Amino acid sequence: MLQGTLEVLILRCLKLQANHAYGISLFLQQQSDSEFVVDNGSLYPAIQRLLQRKWIQGQWKTSPNGRRARYYSLTAAGRKELLRATSKWQRFATAMAKILASEG
Amino acid sequence: MRALWSKIRNAFGKRSTIALELDEEMDAHLQFLMDENLERGMRPDEARTAARREFGNVRSVREKTYRTWQFPRLESFLQDLRYGLRGIFRTPVFSLVVILTLAIGIGANTAIFSTVYAVLLKPLPYPAGERLVWLGESSAKATGISVTWINFEHWQSDSRSFDGMAGFQNADLTLTGRGQALLTHAGLVTNRFFQLTGSRAALGRLFTAADDKAEKPETVVVTESFWAKTLGADPQIVGKTLTLNGSAYEVVGVLARDPGFFLRPVDYYLPLRPSAAQAAKRDAHGSMRVLGLLKPGVTLAEARTDLNTILERLAKADPGPEDGHRVYAAFLTDERTEGLGRVFVILMSAVALVLLLACANIASLLLIRMTTRAREMAIRTAIGAGRSRIARQLVTETLLITAIGGAAGVLLAHFCLRLLVQFAPRDIPRLAEATLNVPVLLFAAAVTIAVGLFCALAPIFSSGGVNLSILLKESTKGAGSNRVGHAIRGGLVVAEIAMAVVLLFVSGILMRSLYLAEAASPGFDSSDLLALELQLPSGKYKADAAILDFYNRLEDSLRAQPGVESVGAVNCPPGAGDCGDWWYSVAEKPTPARDDVPLTLLNVADPQYFNAMKIRLVAGRGPSSEDRADGPAVVIINEELAHAWWKDARSAIGQHIKLGGPYMKGPVLEIVGVAGNVPQMGLDSAPYPEIYFPSAQRVSSGMVVAIRTHGDPEQAAAMVRRTLALIDQDVPIQSLKPFDERLGATLKQRRFIAVLLAIFAGIAVLLAAIGCYGVLNYWVSSRRQDIAIRIAMGAGSVAIVRRIGRQAAMLAAAGLAMGLVGSWLASRWIASMVFGITAHDPAVLGFAAAGALMMVMAAAAFPLWRAVRVSPIETLREA
């Protein structure tokens with residue numbers, strides 16, 4: 001995956017609802033039609049980096065099936081960052097697509 | 001920034017909490033996976049194994065996550081430090097040599113710099129010390145002479161460059177009425193003096209404008225130390241009176257802090273007022289100098305122009321003999337340390353050379369060590385350590401050992417400084433204040449870091465071209481034994497020898513000058529001679545007759561004592577400096593131009609003085625008891641003055657000295673004798689023209705009585721004290737010591753510098769010897785196989801010695817050549833401190849070269865011995 005994409009995807013996932021690490025990895029796998037299989041060795045450090053930048057916050061909660069887990073949610077700064085990153089990625093993707101399509 | 005901060009916080013504080021949370025979180029994760037697997041119908045143990053597999057390596061995830069919190073740089077720095085410390089302890093001898101070498105280099109520099117800082121750099125302890133100016137007058141013949149009262153008054157009222165001015169001068173008064181009579185030192189000052197120096201009163205008040213006018217009783221402000229020591233720290237002292245020279249002075253205040261009288265300590269301050277003559281005549285000089293506070297932004301040159309304009313205007317309005325006088329102005333900081341700058345530059349250069357030597361030694365040691373460690377480095381590179389990481393580790397290691405050396409150096413400086421201050425001559429202002437304060441410690445730190453970087457980078461640059469892959473293939477010795485390494489080490493040794501030669505030469509020159517000055521014939525016999533310095537209290541001894549009578553009775557009583565051979569008195573003994581000088585001319589010679597009137601020292605001698613001192617009379621006679629106050633005015637001149645006018649000193653007899661020169665009033669005196677020169681300014685000074693008045697014709701209440709005795713000087717001194725007390729116990733003794741000691745003191749500064757430089761030269765030679773030894777020894781080590789083969793092929797000891805000796809000889813020759821050139825250049829620097837020889841004395845130059853040569857030979861001896869002892873069989877088997 002491209003540098004910094006995983007963080008954006010995590011933010012996007014947490015925009016819907018607070019979630020734990022396992023939930024995040026499930027979400028990413030399902031939403032990408034199993035295109036992205038997230039390695040925990042990347043997921044956990046990425047979560048830590050987001051925490052350090054204060055874009056997300058963690059909280060211990062009990063899950064619907066009765067398991068205690070650490071739930072992450074977006075902070076105000078995280079929301080702002082997601083907006084910035086989304087528009088950046090959209091422009092990037094459009095540009096890529098244009099160039100790749102113009103080949104013919 | 002915030003991320004960095006939380007990193008730091010977590011690196012130290014929350015680290016364990018994070019670890020626990022992470023483990024718990026991963027546990028939960030595994031549980032979710034397991035739950036799902038169970039739902040799919042797996043057995044519990046199957047479900048757990050599958051979950052683990054799915055999750056991945058827990059430990060690796062943990063490590064990777066930790067890393068986001070860690071400080072990889074800090075961690076690897078700490079690791080470097082650990083390696084460094086380990087390295088230091090692994091080679092203790094090497095480390096000790098490096099640390100000691102550094103401690104000496106940095107210690108010497110720190111100690112000397114702290115004296116430089118205290119004397120030359122530290123701001124004066126006044127509110128605007130950098131704007132304080134010392135003002136005097138200058139004539140065509142003399143600079144910095146005293147300012148006359150009228151000139152001072154006009155400067156004060158008319159100048160626009162100053163925020164304030166104060167006149168000041170020294171005086172000695174006798175304190176009586178408080179136990180034994182005591183000679184005390186006064187500063188006479190006009191009232192603004194305290195304001196300019198930022199002084200405050202601890203008790204009472206300081207002087208105001210009112211104190212500048214004469215009142216009864218007179219007022220005095222005492223210093224805190226005088227108040228504490230002599231006045232018993234009396235809290236009620238204000239309002240009490242002190243009897244000074246027989247007059248009453250009311251104490252009006254105690255100073256909180258003594259402003260310091262620039263050159264000599266003072267007990268108290270009195271208001272400075274002009275005499276009647278000084279208030280009336282523009283050319284009536286006392287000994288007043290002026291302290292001025294420049295307005296901010298005004299330069300010294302502007303201030304000079306300003307004051308000179310005032311003098312020129314006065315010269316037009318009130319013409320007189322001193323119309324040519326101009327202002328002398330210097331910043332107080334410079335005035336006080338005139339001539340010392342050169343001394344400290346020499347000392348600083350010497351210690352800098354010592355430090356360079358230390359650096360060269362350490363760099364060459366590290367170079368040698370690099371070669372023995374080259375394999376270690378190559379292996380580390382091979383298993384993936386980055387080149388920069390290795391370089392960083394080496395730098396850290398060297399910086400660490402330098403830091404330890406620097407700390408040891410500061411410690412060493414602390415002890416050396418105490419010795420230095422104790423040993424230093426008292427006349428260097430503020431030297432006693434030298435301490436290891438913040439600026440000095442900063443200096444030490446800067447020097448340490450610079451040395452550390454130099455020492456750390458030198459081996460790295462020199463090994464920069466080494467191909468590590470080739471190294472690995474080579475046998476044990478590697479990188480540094482290449483040509484470049486050798487050239488660098490050789491260069492270092494050459495530089496070391498050169499620096500040792502220069503320091504040996506400079507210290508040799510100064511030592512020889514000191515020896516010559518000490519051995520210089522003073523023109524009189526100073527053995528078994530006591531000097532009793534007296535100043536009669538002016539209250540009790542007002543009339544000339546009373547003063548003469550006192551000294552006559554004292555000398556007669558002393559002569560009557562057993563063991564006393566002869567007694568005589570003089571106003572200004574040899575070595576006492578300038579106790580007064582004046583213009584003169586010779587009546588029988590052509591009149592000099594106004595700007596060419598010569599100066600002579602003035603002195604007063606009694607009839608027995610020349611006899612007691614055994615000063616040679618070149619012609620005529622000395623003062624006699626026939627030279628009465630009402631008799632014909634006569635004078636004895638010294639040889640220097642006589643030779644300035646007459647080829648044969650005897651022709652001077654019967655001719656006349658006109659005191660004051662042809663353009664000023666003054667008596668005409670008949671020359672009745674010519675006396676041999678004595679070193680009036682100190683043993684290492686050139687002779688200066690001097691005239692002696694007979695004591696009855698120019699009465700002086702301050703005289704130094706020279707007493708030639710036999711036997712124990714301690715007992716003689718006690719006898720002198722007893723004799724004096726019998727005649728008048730209210731006369732304080734200013735000093736009583738052997739003449740030898742008095743004269744020796746004039747060489748104190750010279751001795752101080754010479755001894756310090758000798759010590760530095762000794763250290764330099766030692767360091768250079770160690771450096772030579774190290775390189776030659778290494779050279780032998782790295783050539784053992786080569787030597788072994790030669791011996792096996794039948795080369796004798798002589799051939800081996802010649803081979804290595806040639807190496808040493810080449811280094812020595814190059815070092816000597818450079819050192820001699822350096823010495824030649826250095827000789828110009830020390831020319832002003834040379835006495836009795838030329839600044840590039842060939843004998844001393846030879847001595848320096850010989851000393852350096854012996855040093856190299858001594859350093860080469862052990863490596864040579866090792867080379868000869870190489871056993872071919874063992875060595876070749878090792879290979």
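Reader: Leaving aside its neighbours within four places in sequence, which residues is S701(B) in contact with?

Author: In this predicted model, S701(B) is in contact with Q535(B), L536(B), S538(B), Y541(B) and I547(B). Contact here means C-beta atoms within 7 Å. The C-alpha atoms of S701(B) and P537(B) are 8.1 Å apart, although 164 residues separate the two along the chain.

Reader: Why is S701(B) called partly exposed?

Author: S701(B) has 18 other C-beta atoms within 10 Å. A buried residue needs 20 or more, and an exposed one has 12 or fewer. The value for S701(B) falls in between, so the residue is partly exposed. S701(B) sits in the loop between strand 19 and strand 20 (702–709) of chain B.

Reader: What makes strand 19 of chain B mostly covered?

Author: Strand 19 spans residues 690–694 of chain B, and five of its five residues are buried. On one side these are E690(B), Y692(B) and P694(B), and on the other I691(B) and F693(B), so both faces are covered.

Reader: How do you know that strand 14 and strand 19 of chain B pair?

Author: Pairing requires at least two bridges. Strand 14 (residues 599–605) of chain B has five bridges to strand 19 of chain B, and the two run parallel. Opposite Y692(B) in strand 19 of chain B stands N603(B).

Reader: How many bridges join strand 16 to strand 19 of chain B?

Author: Two bridges join strand 16 (residues 634–638) of chain B to strand 19 of chain B. Pairing needs at least two, so strand 16 of chain B counts as paired with strand 19 of chain B. These strands run antiparallel, and I637(B) stands opposite I691(B).

Reader: What puts the buried residues of helix 7 of chain B on the same side?

Author: The buried residues of helix 7 (residues 149–158) of chain B are W149(B), N151(B), F152(B) and W155(B). They cover an arc of only 160° around the axis, which places them on the same side of helix 7 of chain B. Their packing partners in chain B are strand 1 (132–138), strand 2 (162–176), helix 10 (276–280), strand 9 (289–294) and helix 11 (300–317).

Reader: Why are helix 1 and helix 3 of chain A called roughly perpendicular?

Author: Helix 1 (residues 5–16) and helix 3 (residues 40–52) of chain A pack at an angle of about 75°, with their axes 10 Å apart. Angles of 65 to 115 degrees count as roughly perpendicular, and therefore the two helices of chain A are described that way. L6(A), E7(A) and I10(A) in helix 1 of chain A meet S42(A), A46(A), I47(A), R49(A) and L50(A) in helix 3 of chain A. The residues of this contact divide into five nonpolar, one polar and two charged.

Reader: What do strand 1 and strand 2 of chain A form?

Author: Strand 1 and strand 2 of chain A form a hairpin with five residues between them. Seven bridges join strand 1 (residues 56–62) to strand 2 (residues 68–74) of chain A, running antiparallel. One bridge pair is W60(A) with R70(A). In the turn, G66(A) has a positive phi of about 85°.

Reader: How many residues does the contact take from chain B and from chain A?

Author: The contact takes 20 residues from chain B and 18 residues from chain A. On the chain B side, helix 1 (2–12), helix 2 (15–39) and helix 4 (58–69) each give two or more residues. That side divides into seven nonpolar, seven polar and six charged residues.

Methods. Residues numbered from 1 in each chain as written. Chains lettered and ligands numbered in written order. Predicted model: local features only at pLDDT ≥ 70, side-chain atom pairs only at ≥ 80, totals over all residues. Contact = placed C-beta atoms within 7 Å. Helix = DSSP H or I, 4+ residues; strand = E, 2+ residues; numbered from the N terminus. Nonpolar A, V, L, I, M, F, W, Y, C, P; charged D, E, K, R; others polar. Arc of directions from axis to C-beta. Axes fitted to C-alpha atoms, helices over the stretch in contact; angles between N-to-C directions. Parallel < 35°, antiparallel > 145°, perpendicular 65-115°, else oblique.
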